[in-house]
Amino acid sequence: RRHEHAKTLSMMVQGVTAGILVVGIGGNNGVTLLAGQIANRDKLSWETGPGRVTANWFGCLTQIPPRGVHGGVGFQGRYDGLASADNAVIGGWDIRSTKLGQALYDCRVLEPDLVRQVREEMDGYEIMPGVWDPSFIGESQHETALNVVSGDDDSSTRCRLERIRRDIRMWKEKNNVDGHITVIWSASVERPSEAEYESADELLEAIYDDSNTDDISPSILYAAAAALEGCSFVNGGSQNTLSAAMTSLFEKSYRQPDAPSTSALSKFAPYSSCRAYCLGTDFKAGQTKFKTAAVEYLRALGLSPRVIASSNHLGNNDMLNLTQKKTLKAKMRVKSDIFGPWQEDDLDHKVSVMYTPYIGDEKRDYVEYTSFGFLSSPHTMVTYTRCMDSILCVPLMVDAAIWCDYFVNHNVSPTDAARAT
C-alpha cells in the first residue's frame with residue numbers, strides 16, 4: 001500500500017509523462033527495468049560487496065545531468081520537458097506466467113538486498129498474455145509459453161493485432177497514462193520474417209485478410225498495433241521487424257483521420273493520427289557498439305583495419321534462444337554488418353557467440369583488432385569486457401522511451417528522431 005500511495009501521489013504532483021510497454025516484460029531486461037524504476041522512485045539503497053549504494057540512473061543519458069567543463073553527455077535539466085523516468089508507468093506482455101518479482105530473483109542480475117526490497121511489489125504487476133507464433137522462436141522457449149493469447153483472439157493475424165490494440169487501450173486507461181506510450185520489443189529474437197510489403201496499405205491488407213498465410217511475425221503485429229494506437233515502437237531485437245512499409249505506417253501523413261473509406265487503413269478505424277516513431281534494430285550498448293567506436297579510433301589514427309576477431313558468451317535466456325540456427329541467423333546479420341558503411345573492402349570481420357549457462361546474464365566478450373600502420377606495420381589491440389547484459393540494455397530502453405515522449409511533444413520529424421537516436 002505504501003508503494004501504491006507513493007506512486008499515486010507522485011502522479012498527482014508531477015503527472016504521468018511517459019508510458020513504457022515492454023514485449024517480454026518477464027525477461028531479464030523487463031524485470032531489471034521495472035526494479036530500477038521502483039528503486040529510483042522510492043530512493044532505495046542496498047548492500048553490495050564494496051559497500052552500500054543508492055539508486056541512480058547511471059547509463060541513462062536522459063536521466064543524468066551534464067557533468068564536467070563542457071557538460072558531458074547528460075541531458076537531464078538541459079531540455080525543458082524531458083520526462084523523469086521516476087514517474088513513468090511500466091507494463092507489458094510475456095508468454096511466460098512467472099511473476100515479475102520471482103523472475104527478477106531467478107535471473108540473478110541485481111543484488112539480493114535490492115531484489116528483496118522490490119520483489120513483493122513487482123509480483124503484484126499484471127502480465128498481459130503475449131501473442132506468439134512458435135515457428136518464430138527457438139524450441140527452448142516453447143515449454144514455458146503458458147501465458148499466450150488463445151481462442152478467438154488467436155484465430156487470425158487481424159484478431160491478434162486487435163487484441164494487442166485492445167490491451168494497449170485498456171492498459172492506458174487503467175493506469176491513467178496521459179503521456180506518450182512507447183512499445184519496446186524485448187522478447188526473444190525471432191527468425192527473419194519472409195513477408196515483404198511495398199507499402200503500408202499492402203501490410204494492413206495482409207493483416208486484415210483472415211485467409212492470408214503470409215509469414216507475419218508477432219513483432220510485426222506489435223509494431224503495427226503500436227502505430228494504429230499512436231504509440232512509438234522500438235525494436236530491441238535483431239529480426240527484420242522494421243521495413244519501408246512499417247515506416248510508412250508510422251508516418252503521421254499516412255494515418256490521417258480522413259482516410260478514404262476504401263483504404264486499408266479505414267478497415268482498422270478508429271485509429272490514432274498522433275505522431276509516433278519506429279526506431280532501432282537490436283539493443284547495441286555492448287561489444288558491437290564498442291567495436292564501432294574502436295574502429296573509429298583506429299581510423300582516426302590513420303590506420304587501416306584488417307582483422308577484427310570477436311567472441312562473446314553468456315548464459316541468459318536470450319542466448320539460449322540463439323542456440324537455434326533459425327534465430328541465430330538474425331542476430332549474426334546485425335553483428336556482422338556494422339562496418340558496411342565504411343567500405344573497408346579488405347576487412348576480415350569474424351564473430352562468434354556461445355551459450356554458457358553458468359555465466360548467466362553476465363556478458364563476457366573478447367575482441368582483437370589488427371590494423372596496418374605506417375609502412376604496413378601491424379598494430380594489434382585487444383579489449384575484454386564483462387557486464388550484465390541487462391545493465392547495458394535497460395538504459396537504452398529508458399532513453400528510447402523518454403526521447404520518443406520528448407520528440408512527440410516537440411513535433412520532431414521521424415527523420416530527425418531517427419538521426420538523434
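User: Which residues of β1 point the one way and which the other way, and are they buried or exposed?

Analyst: This is a predicted model, where local features need pLDDT of at least 70, side-chain atom pairs count only at pLDDT 80 or more, and totals for chains, interfaces and linings use all residues. Residues are numbered from 1 along each chain as its sequence is written, and side-chain values use heavy atoms, without hydrogens and water. In a regular strand the side chains alternate between the two faces of the sheet. Ala18, Ile20 and Val22 point one way, Gly19, Leu21 and Val23 the other way, and all are buried.

User: Why is strand β1 described as largely enclosed?

Analyst: Strands are DSSP runs of E with at least two residues, and helices are runs of H or I with at least four, numbered from the N terminus. Buried means under 20% relative accessible area, exposed over 50%, partly exposed in between (1.4 Å probe, protein chains only). β1 spans residues 18-23, and the rest of the structure largely encloses it because six of the six residues are buried.

User: In β6, what is the bridge partner of Val22?

Analyst: Two strands pair if DSSP finds at least two bridges between them. β1 and β6 (residues 180-185) run parallel, joined by six bridges. Within β6, Val22 has as its bridge partner Ile184.

User: Is Leu375 buried or exposed?

Analyst: Leu375 sits in the loop between β11 (362-372) and β12 (378-388). Leu375 is not a glycine, yet has a positive phi of about 60°. Its relative accessibility is 71%, so Leu375 counts as exposed.
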